[in-house]
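Biologist: Could you walk me through how to read a model like this one? I'd like to start with the overall layout and work down to single side chains.

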Amino acid sequence: AEALLGARSEVALRTDKVLSDPSFLKMSVAAERAGRVIAVPEGPRLIAYLREKRAEGFTVVALEQTSSSEILSSGTRLPRRIVVLVGSEQQGVPRWLVQSGLVDLF
């Protein structure tokens, strides 16, 4: 996470229980220790978190893999300060969140 997001990065997960999940730990290869990890449950707390970050000057970007997705590469230009929303494996980013007006780029 530090190489991608910088030393002052913050990763928000739906629940901190994921940090003890053996599958997550195997996949993350200790990346969760590179920055600050916080729990932000879906719903009102997530909305408040996104509003806070936007007020601090962050751009909220939702990432999903679809048939029309744009491939991100080292040449992809991203905003300097971003919050990246990653949807769940099959459902993606919840539609209510995309339509909330809190997502700047999709």
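Modeller: Let's go through the fold, the core, the surface and the charged pairs in turn. One caution to start: this is a predicted model, so local features need pLDDT of at least 70 and side-chain atom pairs count only at pLDDT 80 or more, while totals for chains, interfaces and linings use all residues. Residues are numbered from 1 along each chain as its sequence is written, and side-chain values use heavy atoms, with hydrogens and water left out.

Biologist: Fine. How many helices and strands does the protein have?

Modeller: Helices (H or I, at least four residues) and strands (E, at least two) are DSSP runs, numbered from the N terminus. Here you get four helices and four strands, in the order α-β-α-β-α-β-β-α from the N terminus on.

Biologist: And what share of the contacts in the protein is made by residues 24 or more positions apart?

Modeller: A contact means heavy atoms within 4.5 Å. Taking contacts with a separation of 6 or more, 66% are between residues 24 or more positions apart.

Biologist: What percentage of the residues in the protein is buried?

Modeller: Buried means under 20% relative accessible area, exposed means over 50%, and partly exposed is in between (1.4 Å probe, protein chains only). Buried residues make up 24% of the 106 residues. As for total surface, accessible areas come from the Shrake-Rupley method with a 1.4 Å probe, and for residues only the protein chains shown count as cover. The protein exposes about 7900 Å², with carbon and sulfur atoms supplying 52% of it.

Biologist: Now the core. Which residues of the largest nonpolar core touch the most other members?

Modeller: The general idea is that nonpolar side chains tend to be buried together in soluble globular proteins. A nonpolar core is a set of buried Ala, Val, Leu, Ile, Met, Phe, Trp, Tyr and Cys residues joined through side-chain atoms within 4.5 Å. The largest one has 14 residues, and Tyr 49, Leu 50, Val 60, Val 83, Leu 85 and Leu 97 touch the most other members. Two or more residues each come from α3 (44-55), β3 and β4 (82-86), and α3 gives the largest share, three residues.

Biologist: Which residues does Leu 85 touch?

Modeller: Leaving out residues up to four places away in sequence, Leu 85 touches Leu 50, Val 60, Val 61, Ala 62, Leu 63, Val 93, Leu 97 and Val 103.

Biologist: Leu 63 is on that list. Where does Leu 63 lie, and is Leu 63 buried or partly exposed?

Modeller: Leu 63 lies in strand β3 (residues 59-63) and is partly exposed, at a relative accessible area of 33%.

Biologist: How many salt bridges does the structure hold?

Modeller: Side chains of opposite charge can pair when their charged atoms come close. The cut-off for a salt bridge is a side-chain nitrogen of Lys or Arg within 4 Å of a carboxyl oxygen of Asp or Glu. The structure holds three. In one, Glu 52 pairs with Arg 45, the closest N and O atoms being 3.3 Å apart. In another, Glu 56 pairs with Lys 53 at 3.4 Å between the closest N and O atoms. Glu 56 counts as partly exposed at 40% relative accessibility, whereas Lys 53 counts as buried at 11%.

Biologist: What does Lys 53 touch?

Modeller: Lys 53 is found in helix α3. Not counting residues up to four places away in sequence, Lys 53 touches Glu 10, Phe 58 and Val 83.

Biologist: And which parts does the pair of Arg 54 and Asp 104 tie together?

Modeller: Their side chains meet in a salt bridge (2.8 Å, N to O). Arg 54 lies in helix α3 and Asp 104 in the segment after α4, so the pair ties together parts that are 50 residues apart in sequence. Asp 104 is partly exposed, with a relative accessible area of 35%. The backbone nitrogen of Val 60 also lies 2.8 Å from a polar atom of the Asp 104 side chain. Finally, Asp 104 and Thr 59 are 45 residues apart in sequence and 6.1 Å apart in space, C-alpha to C-alpha.

Notes:
Polar contact = N/O pair within 3.5 Å; in protein donor to acceptor, adjacent residues only side chain to side chain.
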